[in-house]
Amino acid sequence: METIKMAIAKGRLAKYSIELLEGIGIDCQVLKEDNRKLIFSLASHNIEVILLKAADVPTYVEHGAVDMGIVGKDVLMEQEKQLYEVVDLKFGNCKFSVAGKPSNANGKKHLRVATKYPNVTKKYFTEKGQSVEIIRQEGSVELAPLMGLSDVIVDIVETGKTLKENGLVVLEDIASISARLVLNKVSFKTKKKEISPIIDLITEKVN
Ligand code: PRP
């Protein structure tokens, strides 16, 4: 039996990812220990888990450094990596939205858009035929329209709390987002015997 290598995005999806694995009978106790380890062996099921920044998960999966991963659709849409997206895990539900001040810049010929997701943003506004300048941010994107750096933002909205507490509103919705199980294309063939039962259990659990 070959070891299955799995990447899990740290942050908001990690807790739900671990709950999902436990829900299909995998002992994840080692993943809950408070330490700085990055590689974890789930010996009972011959699975090796690595914890990564969400944005790095598709890279590890595409290159085959891991066989599978759990990551948000937001990251997948932004990166468009070569991998198989096999299961909508139905947690981490949120949406991509355009947001700004209520007295927003709609109608402007040229919009300045702050975002952590330049590719999603470019695609969305190009399809609308709207000319934009994309201002790339690493975080706290909501600050940009408040400080006059941009007219609007494109960001993920989960509860809407961050927007509300900063006096911003959703202006347009772009797409729904949730966590996805993704597979390396080669592993899907070469480790099918090991991977398929896990996909089946996960699919059954989330549906
Ligand atoms: C995300 C996103 C929003 C917020 C939305 O940021 O960029 O700021 O969460 O969540 P809400 O609708 O529930 O308020 P994150 O917490 O990942 O931090 P960051 O801004 O530092 O990237």
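This is a predicted model: local features need pLDDT of at least 70, side-chain atom pairs count only at pLDDT 80 or more; totals for chains, interfaces and linings use all residues.
Reader: Noted. What about the side chain of Glu142, how far is an N or O atom there from a ligand oxygen?
Author: That distance is 2.6 Å, between an N or O atom in the Glu142 side chain and an oxygen atom of the ligand.

Reader: And Lys161, which part of it is 3.5 Å from the ligand?
Author: The backbone. A polar backbone atom of Lys161 is 3.5 Å from an oxygen atom of the ligand.

Reader: How much of the ligand does the protein cover?
Author: The cover is 72% of the 500 Å² of accessible area that the ligand has on its own.

Reader: Who surrounds it? How many residues, and which are the closest?
Author: There are 13 residues around the ligand. Lys116, Glu142, Asp155, Thr159 and Thr162 are the closest.

Reader: Which elements give two or more residues to the shell?
Author: Strand S9 (152-157) and helix H6 (161-165). S9 has the largest share, with three residues.

Reader: What lines the largest pocket?
Author: The lining is 37 residues. Ala54, Asp74, Lys116, Tyr117 and Ile156 lie nearest the pocket's centre. By type, the lining has 14 nonpolar, eleven polar and twelve charged residues.

Reader: Which element gives the most to that lining?
Author: Helix H3 (73-79), with four residues. S9 and H6 each supply at least two, as H3 does.

Technical notes:
Residues are numbered from 1 along each chain as its sequence is written. Side-chain values use heavy atoms; hydrogens and water are left out. A residue is near a molecule or strand if one of its heavy atoms lies within 4 Å of it. A polar contact is a pair of N or O atoms within 3.5 Å; within protein, one must be able to donate a hydrogen and the other to accept it, and residues adjacent in sequence count only if both atoms are side-chain atoms. Accessible areas come from the Shrake-Rupley method with a 1.4 Å probe; for residues, only the protein chains shown count as cover. On a 1 Å grid over the protein atoms alone, a cavity is a set of points where a 1.4 Å probe fits but cannot get out, and a pocket is an open set with protein on both sides within 12 Å along at least five of seven lines; lining residues have an atom within 4 Å of a point. Ala, Val, Leu, Ile, Met, Phe, Trp, Tyr, Cys and Pro count as nonpolar, Asp, Glu, Lys and Arg as charged, and the others, Gly among them, as polar.
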